[in-house]
Amino acid sequence: MMIELVHPEPTSVYAVIALFGSLFVWAAVLLVAKGRRGTAEVEAASTRDSGSMLGVAIQALGFLVVGFGPLKLVLGSPDALAIGEVIAVLVLIAGVIALFMASSRAMGRNWAIVARTLDDHQLVTWGPFAVIRNPIYVALFIWILVMALALGHWRGLILGVPLYWIGTWMRVTREERLLRAQFGAAYDAYAARVKRFIPGLI
C-alpha cells in the first residue's frame with residue numbers, strides 16, 4: 001500500500017528544478033517575516049497556546065507524505081506538456097509566495113508559528129485578511145499541491161491533504177480561541193463577515 005501511495009507519475013526535470021530553486025526564495029521570505037516579530041521582550045509579553053505546535057507537526061507530516069518518494073524524471077528537451085507543467089509550477093509558486101508575503105507583512109510582528117497573542121496585539125483585518133481569515137494556510141495548501149505537481153506525487157495527496165487540514169484545523173481553533181479572548185465582540189464581528197478559507201463559502 002505504501003509503495004502504491006508513493007508511486008510517482010512522470011514529471012519534467014525542469015519542474016523539479018523550479019520547485020527546489022524556489023526553496024531559496026522561501027527561506028529569504030521566512031527570514032524577513034521572522035525579522036518583523038521583534039525582540040525577545042516582545043515575545044515574552046504574550047499569551048501562548050503551545051498545543052498548536054502539534055498541529056504544525058501534523059501539517060508537516062502532510063507535506064512529508066507528498067514530498068517523500070522516488071521521482072520519475074523526464075529528461076531531454078521539454079515537450080509542450082513539460083513546458084506547461086513548468087509554467088504552472090512557476091505561476092503557482094509565485095502566487096503562494098506573494099500571498100504569504102502580503103499576509104506576513106499585514107500581520108507584522110503579530111505573525112508567529114505558535115498560536116499566541118501579544119499584549120498589544122492588533123486584530124489584523126486588512127490586506128489578504130480582508131478577504132479570508134487564514135490566507136497563510138491557504139497559501140501553504142496550494143504549496144502542497146505544487147509539490148505534488150512538480151514531483152509527480154499525486155497519490156501522496158490521498159493521505160497528505162487530510163493530514164494537512166487536520167493540522168490546520170487544530171491550529172485555527174486554538175488561534176481563534178486566543179483572538180476571541182483578547183478581542184471579544186470585535187473578533188466575532190470580523191469572523192461573521194469574513195470566511196476562514198474561501199471567500200463567501202467556508
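Trainee: What volume does the second largest pocket have?
Mentor: This is a predicted model, where local features need pLDDT of at least 70, side-chain atom pairs count only at pLDDT 80 or more, and totals for chains, interfaces and linings use all residues. Residues are numbered from 1 along each chain as its sequence is written, and side-chain values use heavy atoms, with hydrogens and water left out. A pocket is an open set of points on a 1 Å grid over the protein atoms alone, where a 1.4 Å probe fits, with protein on both sides within 12 Å along at least five of seven lines. Its volume is the space filled by probe spheres set on the points, joined across faces, edges and corners, and for the second largest pocket that is about 220 Å³.

Trainee: Which residues lie nearest the centre of the second largest pocket?
Mentor: Lining residues have an atom within 4 Å of a point. The second largest pocket has 13 of them. Nearest its centre are Ser12, Val74, Leu81, Ala82 and Glu85.

Trainee: Which elements each supply at least two residues of that lining, in the second largest pocket?
Mentor: Elements are DSSP runs numbered from the N terminus: helices are H or I with at least four residues, strands are E with at least two. For the second largest pocket, the elements are β1 (10–12) and α5.

Trainee: How many residues of each class line the largest pocket?
Mentor: The largest pocket holds about 900 Å³ of space, and 38 residues line it. Ala, Val, Leu, Ile, Met, Phe, Trp, Tyr, Cys and Pro count as nonpolar, Asp, Glu, Lys and Arg as charged, and the others, Gly among them, as polar. The lining of the largest pocket divides into 27 nonpolar, six polar and five charged.

Trainee: Which element gives the largest share of the lining of the largest pocket?
Mentor: Several elements each supply at least two residues, including α2 (13–35), α5 (80–107) and α7 (157–183). The largest share is seven residues, and it comes from α7.

Trainee: Is Trp143 buried or exposed?
Mentor: Trp143 sits in helix α6. Buried means under 20% relative accessible area, exposed over 50%, and partly exposed in between, with a 1.4 Å probe and protein chains only. Trp143 has 7% relative accessibility, so it counts as buried.

Trainee: Which residues does Trp143 touch, not counting residues up to four places away in sequence?
Mentor: Contact means heavy atoms within 4.5 Å. Trp143 and Leu19 are 124 residues apart along the chain, yet their C-alpha atoms are separated by 9.8 Å. The residues touched by Trp143 are Leu19, Ser22, Leu23, Trp26, Phe63, Ile93 and Val96.

Trainee: What is the relative accessible area of Ala139?
Mentor: Ala139 is also found in helix α6. Beyond four places in sequence, Ala139 touches Val96, Leu99 and Phe100. Ala139 is buried, and its relative accessible area is 0%.

Trainee: What radius of gyration does the chain have?
Mentor: The radius is taken over C-alpha atoms, and the globule rule is 2.2 Å times the number of residues to the power 0.38. With 202 residues, a compact globule would come near 17 Å. The chain agrees with that, at 19 Å.

Trainee: How many helices and strands are in the chain?
Mentor: From the N terminus on, the elements run α-β-α-α-β-α-β-α-β-α-α-α. That order holds eight helices and four strands.
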